[in-house]
Amino acid sequence: MRTVYINGEYVAENEAKVSVFDRGFMFADSIYEVTAVHRGSLIGISQHISRLRRSLSEIGICLKLTDSDLQTIHHQLIERNQLNEGLIYLQVSRGVQDRNFLYSDAPLEASVVAFTQVKQLVGTKAATSGISVVGLPDLRWHRSDIKSTQLLYACMAKDEAKRQGADDAWLIRDGYVTEGASNNVFIVLDGVVVTRELSSLLLPGITRDSILKCLDEADINFVERPFTLEEAYSASEAFITSSTSFVYPVVQIDGQSVGSGYPGPVTKTLQHLYMLQVSENV
Ligand code: PDD
């Protein structure tokens with residue numbers, strides 16, 4: 001049985017209760033973060049806290065907890081649950097109020113929940129052999145830069161990908177790939193790594209940012225621009241990044257092999273460099 005954090009308390013998971021009037025429950029009026037834990041240490045916690053604050057401010061949720069409180073919650077959860085490898089999920093919702101589209105005049109007390117989840121992050125089959133993806137329309141709202149818990153379309157897209165025999169979905173808006181259902185996407189075209197530039201249409205991934213730093217340091221050419229699915233079909237390599245996958249090679253898109261159909265050299269180099277970066281911070 002896990003120990004979870006809920007509104008100032010650490011309790012057994014079956015004792016943690018959220019009100020049915022919580023706006024997160026009724027309107028997905030809440031923000032979340034997922035931070036990886038490797039060898040018992042957090043990866044990029046300050047970046048996750050900064051992004052949490054940005055998302056909260058974009059939708060006007062007030063959070064009384066300080067950055068140091070948030071760090072303590074994460075560390076306490078690792079310790080209390082003896083977590084070695086996995087993730088910490090943190091969710092902040094606007095709070096509890098009778099059902100009303102309008103926010104209450106007085107700011108509500110935000111509800112804060114956090115828990116650990118065991119997950120193998122290193123040496124997975126997806127990381128070593130790669131995954132397959134299918135392109136699907138991006139039917140999400142236009143503020144995907146906000147990490148809100150409004151994830152129904154991501155669930156639907158992943159479910160549709162699974163039905164089509166693939167591991168994940170790449171979302172297409174106006175002819176260009178925005179991002180994966182829960183990750184950022186990259187292709188390698190004519191020796192140049194291409195990933196879409198940040199905008200309100202995609203999440204500013206913490207892992208994406210680390211990978212751009214790795215590319216810079218390793219002197220690998222890259223460009224931030226939108227790309228089409230057709231460009232992805234003709235890429236020599238493709239990969240996705242997220243806090244819980246690190247770097248997964250993408251070896252098949254819409255049933256077509258990417259390059260050789262096996263994880264390529266640029267992707268493998270980035271997996272290696274990313275792990276070095278993680279080990280330095282752990
Ligand atoms: N998802 N894009 C989307 C839509 C995401 O949901 C995520 C992360 C990313 C990658 O961001 P980061 O590198 O900061 O994890 C990009 C998390 C892991 C999730 O929802 O479980």
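Domain bounds here come from an automatic or database domain assignment. With those bounds, the shell around the ligand draws at least three residues from domain 1 (3–118) and at least three from domain 2 (125–280). The model is predicted. In total, 19 residues surround the ligand.

**Where the ligand sits**
- The ligand takes up the space of the largest pocket.
- The closest residues around the ligand are Tyr32, Arg51, Glu179, Thr207 and Ser243.

**What the shell is made of**
- Ten residues of the shell are polar.
- Five others are nonpolar, and four are charged.
- Four elements each supply at least two residues of the shell: strands β3 (30–38), β9 (176–180) and β13 (237–242), plus helix α6 (206–217).

- The side chain of Arg51 has an N or O atom 2.8 Å from an oxygen atom of the ligand.
- For Thr207, a side-chain N or O atom is 2.6 Å from a ligand oxygen atom.
- Ser243 also places a polar side-chain atom 2.6 Å from an oxygen atom of the ligand.

**How much of the ligand is covered**
- Taken alone, the ligand exposes 480 Å².
- The protein buries 89% of that area.

Definitions and conventions
Residues numbered from 1 in each chain as written. Predicted model: local features only at pLDDT ≥ 70, side-chain atom pairs only at ≥ 80, totals over all residues. Heavy atoms only, no water. Near = heavy atom within 4 Å. Polar contact = N/O pair within 3.5 Å; in protein donor to acceptor, adjacent residues only side chain to side chain. Areas by Shrake-Rupley, 256 points an atom, 1.4 Å probe, with all protein chains shown as cover. 1 Å grid on protein atoms, 1.4 Å probe; cavity = no way out; pocket = protein on both sides within 12 Å on 5 of 7 lines; lining within 4 Å. Sits in = over half its atoms within 2 Å of the grid points. Nonpolar A, V, L, I, M, F, W, Y, C, P; charged D, E, K, R; others polar.
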